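Please look over the following model with its backbone, its packing and its confidence in mind. The briefing below takes these topics in turn.

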Amino acid sequence: MRAKAAREIAKLKGPEDDWLLVQLLDDRDREVSLTTIDAVADRPVSPTILDALWDHAVGAAMTQFRQQSVQQRTITVRGRIIVVYNQNQNPYAGQDADIAVDVLIGLKSDEVANRLNAMFKEMAGTMTNANDYRWRVISPSYGDGGRAISRLMEAYKPKEAIPFLLKVLSMDLSDGYDTTVNNNEKVRYSSRIDAAALLIKSIGQDPEDYNIRKYSNFGDR
C-alpha cells in the first residue's frame, strides 16, 4: 500500500509531499524504499529529497569514513526516565546505493557536484598520516558505497577529487597484493590503483593506456 502511495505522492509538488516522500525513501520495507526512489526520479527533486537520495548513494560509505558520534537524549514517559538513541540508518541504504546513484547521475545537478567536491575536500583533510586508511572508501572493493562514489565521480568529475587523488598516490605505504588471473597472467591489485584509474579518467584519458584495467572475476576493481 505504501509503495503505491509513493507513486501518487510523487505526482504532487508541495513541501509536505516532499516530507512524506523522504519518510518513504527511508522506509524499512525495501519495496517501499525502492519504489519511492523510482518515483522521485520522474519529478523535480527538492533539496530535502536530494538529501535522502545522497544518503542512500553514499551514506553507508561515509559512515565508515567519518568518526561517528552517538546521538541520544533522555525523555520521561509515565514517570520512567528513558534514554533514546537515534537510529536513523536505513539498513537498505547501502544495498540500494547503485539505484540512488542512477537517479543522481540522471539529475545532472550542480548540487550533486558541490556535494562531491565537499566530500573529497573533507577526505583530503583527514589524511594526516600513512596509517589513516579511510581514504580507501573510494575503492569499489569497499562494496556498494565505494562503487557508488566512483560512479558519481566519473559522471560529475568534481575538481576537488584531483588534489585528493594526487594525495592518495603520494602516500608512502604498502597497499594491495599480487595475484594471477586467467592463464596465469600476473596482476597487482590495490586501492591506490583504483585511485590512479579514477584520476586518469578525471583528466580525460583511458586507464588502459597505463595498463590499468578491470578483470571480470574482480568485479568493479
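Lys108 counts as exposed, at 71% relative accessibility, where exposed means over 50% relative accessible area, buried under 20% and partly exposed in between (1.4 Å probe, protein chains only). The model is predicted, so that local features need pLDDT of at least 70 and side-chain atom pairs count only at pLDDT 80 or more, while totals for chains, interfaces and linings use all residues. Residues are numbered from 1 along each chain as its sequence is written, and side-chain values use heavy atoms, with hydrogens and water left out.

- As background, most residues other than glycine have a negative phi.

**Overall make-up**

- The protein has nine helices and four strands, both taken as DSSP runs numbered from the N terminus (helices H or I, at least four residues; strands E, at least two).
- Along the sequence, these elements follow the pattern α-α-α-α-β-β-α-α-α-α-β-β-α.
- Of the 221 residues in the protein, 43% are buried.
- Among contacts (heavy atoms within 4.5 Å) with a separation of 6 or more, 67% are between residues 24 or more positions apart.

**Packing of H1 and H2**

- Helix H1 (residues 2–9) packs with helix H2 (residues 15–25) at an angle of about 145°, and their axes are 10 Å apart; axes are lines fitted to C-alpha atoms, for helices over the stretch in contact, and angles run from 0 to 180 degrees between N-to-C directions.
- Arg2, Ala6 and Ile9 on the H1 side meet Asp17, Leu20, Leu21 and Leu24 on the H2 side, and the residues of this contact divide into five nonpolar, no polar and two charged.
- Pro15, which is found in H2, counts as exposed at 64% relative accessibility, and its C-alpha atom is separated by 8.9 Å from that of Thr48, 33 residues away along the chain.

- Ile149 is in contact with Val58, Ala61, Met62, Met119, Phe120, Val137 and Ile138, leaving aside its neighbours within four places in sequence.
- Leu50, which lies in H4, is buried, with a relative accessible area of 6%; not counting residues up to four places away in sequence, Leu50 touches Val45, Leu104, Leu107, Glu111, Val112 and Arg115.
- Leu50 and Val103, 53 residues apart in sequence, are 9.8 Å apart in space from C-alpha to C-alpha.

**Confidence**

- The protein averages a pLDDT of 83, and 86% of the residues score at least 70, pLDDT being the predictor's confidence in each residue, from 0 to 100.
- Where pLDDT is low, the predicted coordinates should not be read in detail.

Definitions and conventions
Ala, Val, Leu, Ile, Met, Phe, Trp, Tyr, Cys and Pro count as nonpolar, Asp, Glu, Lys and Arg as charged, and the others, Gly among them, as polar.
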